[in-house]
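Trainee: Could we go through this model together, one question at a time?

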Amino acid sequence: MKKVTIDQMTIGEGAPKVIIPIVAPDEAGVIEKAKEAHELGADFIEWRIDFFKDVLTPGAIAKSSKKVKEAAQLPLLITFRSEREGGELALDDAGYFDLYQDILDNGTLDLLDVELYMPADNVESLIQLAHDKGVKVIMCNHDFDKTPAKDDIVERLTQMEEKGADIAKIAVMPNSSEDVLTLLNATYERYQQADIPLITMSMGQLGMISRLSGEVFGSSATFGAAGQGSAPGQAPVGQLQSILGLLSLNK
């Protein structure tokens, strides 16, 4: 499997990297949380800009991203999560791509979250622009209702790699313990063939084990909550780091 290195952090090597999501509604809050993430020892941060009150103000995210990156002193992932995949704000496809283009042209970031089922031609152009700017792409898919069949999960992760993503991510909702095993089995199966790192998770309390055991099954990063999380089942970052240490295979 290929690794993705940003600054001193390598995704796809060693224990899963810890990502702290930031969901504050204003610049001061985002900067405060970025500094806190650094103090807590996160590997990188995700700024969920769909929570940001000025996200649709032209140039606002690009301008603030410089301050957020400086405050965190960590790699920065920027994410606009669409409403259909669990995000906070409705935005049409044209608005989504215009927003991301402005961020790439004028902002400061290391990684960009791109959803798998956005229009293919636009996704292709966006990935090319990101790569031209030296930005890595995490392509993702979320199902907040159910866990798809194992072959379906594997196929979605495969599509992400084929579309040019640097990292493939999927999050699904379990309705039984068997669903959690389905996600873990799919992760392990794809991990054997993938040329890019994977980030996978089964959400909620039932799926929390998947957020902790990534090193065993092939998931290269996990999300830890510092205050308000961005999805169900995110463990407090301090506890998460302790458990990842206990489960580490590099002892």
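Trainee: In which helix is Tyr 191 found?

Mentor: This is a predicted model, in which local features need pLDDT of at least 70 and side-chain atom pairs count only at pLDDT 80 or more, while totals for chains, interfaces and linings use all residues. Residues are numbered from 1 along each chain as its sequence is written, and side-chain values use heavy atoms, with hydrogens and water left out. Helices are DSSP runs of H or I with at least four residues, and strands are runs of E with at least two, numbered from the N terminus. By that numbering, Tyr 191 is found in residues 177-191, which form helix α6.

Trainee: Is Thr 222 buried or exposed?

Mentor: Thr 222 is found in strand β10, residues 221-225. Buried means under 20% relative accessible area, exposed over 50%, and partly exposed in between, with a 1.4 Å probe and protein chains only. Because its relative accessible area is 4%, Thr 222 is buried.

Trainee: Which residue has its backbone oxygen 2.8 Å from a polar atom of the side chain of Thr 222?

Mentor: Contact means heavy atoms within 4.5 Å. Leaving out residues up to four places away in sequence, Thr 222 touches several residues, among them Pro 16, Val 18 and Leu 244. The backbone oxygen that lies 2.8 Å from the polar side-chain atom of Thr 222 belongs to Arg 211.

Trainee: How many residues does the largest nonpolar core have?

Mentor: A nonpolar core is a set of buried Ala, Val, Leu, Ile, Met, Phe, Trp, Tyr and Cys residues joined through side-chain atoms within 4.5 Å. Those with the most contacts inside the largest one include Trp 47 and Ile 78, and its residues number 63.

Notes:
A polar contact is a pair of N or O atoms within 3.5 Å; within protein, one must be able to donate a hydrogen and the other to accept it, and residues adjacent in sequence count only if both atoms are side-chain atoms.
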